[in-house]
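Student: I would like to learn how to read the packing and the aromatic pairs of a model such as this one. Could we go through them step by step?

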Amino acid sequence: MKTINWGIIGLGNIAYKFSKDFDKIENARLLAVASKDDTKLQKFGKDFNIEKKFLFKNYQDLIFCNELDIVYIALPNSLH
């Protein structure tokens, strides 16, 4: 079964809750995240063991990452 690579835009509380379950899913992996807040980005990367090259400071860079299959937008609705 193919592993589905996920990306997350926005790293608030919902993104943390959402990300905690990736280790329980056999065919899903949290590969990349994006945030305009560098402190959150670095902490999230460390907490979820995300490679530095997949820590994006620009939302569009994550969206155009060819290695992703799905992008979850964890921003307030007004920012979608």
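Student: Which residues have the most contacts inside the largest nonpolar core?

Tutor: A core of this kind is a set of buried nonpolar residues joined through their side chains. In this predicted model, the largest nonpolar core has 23 residues, and Leu30 and Val33 are those with the most contacts inside it. At least two residues of this core come from each of strand E1 (4-9), strand E2 (28-34), helix H2 (38-47) and strand E3 (55-56), and E2 gives the most, with six residues.

Student: With which residues is Val33 in contact, leaving aside its neighbours within four places in sequence?

Tutor: With those neighbours left aside, Val33 is in contact with Ile8, Leu11, Leu41, Phe44, Ile50, Phe54, Leu55, Phe56 and Leu62.

Student: Let us turn to the aromatic rings. How many aromatic pairs does the structure hold?

Tutor: The distance of the centres and the angle of the planes describe a pair of aromatic rings. The structure holds seven such pairs. In one of them, the ring centres of Phe18 and Phe22 are 5.6 Å apart and the planes lie at 75°, so this pair is edge-to-face. Phe22 counts as buried, because its relative accessibility is 9%, whereas Phe18, with a relative accessible area of 28%, is partly exposed.

Student: Why is the pair of Phe18 and Tyr72 called stacked?

Tutor: Planes under 30 degrees apart count as stacked. The planes of Phe18 and Tyr72 are at 15°, with the ring centres 4.2 Å apart, so this pair is stacked. Because Phe18 lies in helix H1 (residues 13-19) and Tyr72 in strand E4, the pair ties together parts that are 54 residues apart in sequence. Tyr72 has 25% relative accessibility and therefore counts as partly exposed. Phe18, Phe22 and Tyr72 also belong, along with Trp6, to one aromatic cluster.

Student: And on the surface, which residues form a nonpolar patch?

Tutor: The patch on the surface is formed by Ile63, Phe64, Val71 and Ile73, which together have about 370 Å² of accessible area. Val71 is found in strand E4 (residues 70-73), and its relative accessibility is 32%, so Val71 counts as partly exposed. A residue joins a patch if its relative accessible area is over 30% and it has no salt bridge.

Definitions and conventions: Residues are numbered from 1 along each chain as its sequence is written. This is a predicted model: local features need pLDDT of at least 70, side-chain atom pairs count only at pLDDT 80 or more; totals for chains, interfaces and linings use all residues. Side-chain values use heavy atoms; hydrogens and water are left out. Patches are made of residues with over 30% relative accessible area and no salt bridge: like charges are joined within 9 Å, nonpolar side chains (Val, Leu, Ile, Met, Phe, Trp, Tyr) within 5 Å. Accessible areas come from the Shrake-Rupley method with a 1.4 Å probe; for residues, only the protein chains shown count as cover. A salt bridge is a side-chain nitrogen of Lys or Arg within 4 Å of a carboxyl oxygen of Asp or Glu. Helices (H or I, at least four residues) and strands (E, at least two) are DSSP runs, numbered from the N terminus. Buried means under 20% relative accessible area, exposed over 50%, partly exposed in between (1.4 Å probe, protein chains only). A nonpolar core is a set of buried Ala, Val, Leu, Ile, Met, Phe, Trp, Tyr and Cys residues joined through side-chain atoms within 4.5 Å. Contact means heavy atoms within 4.5 Å. Rings of Phe, Tyr and Trp (its six-membered ring) pair if their centres lie within 6.5 Å; planes under 30 degrees apart count as stacked, over 60 as edge-to-face and the rest as tilted.
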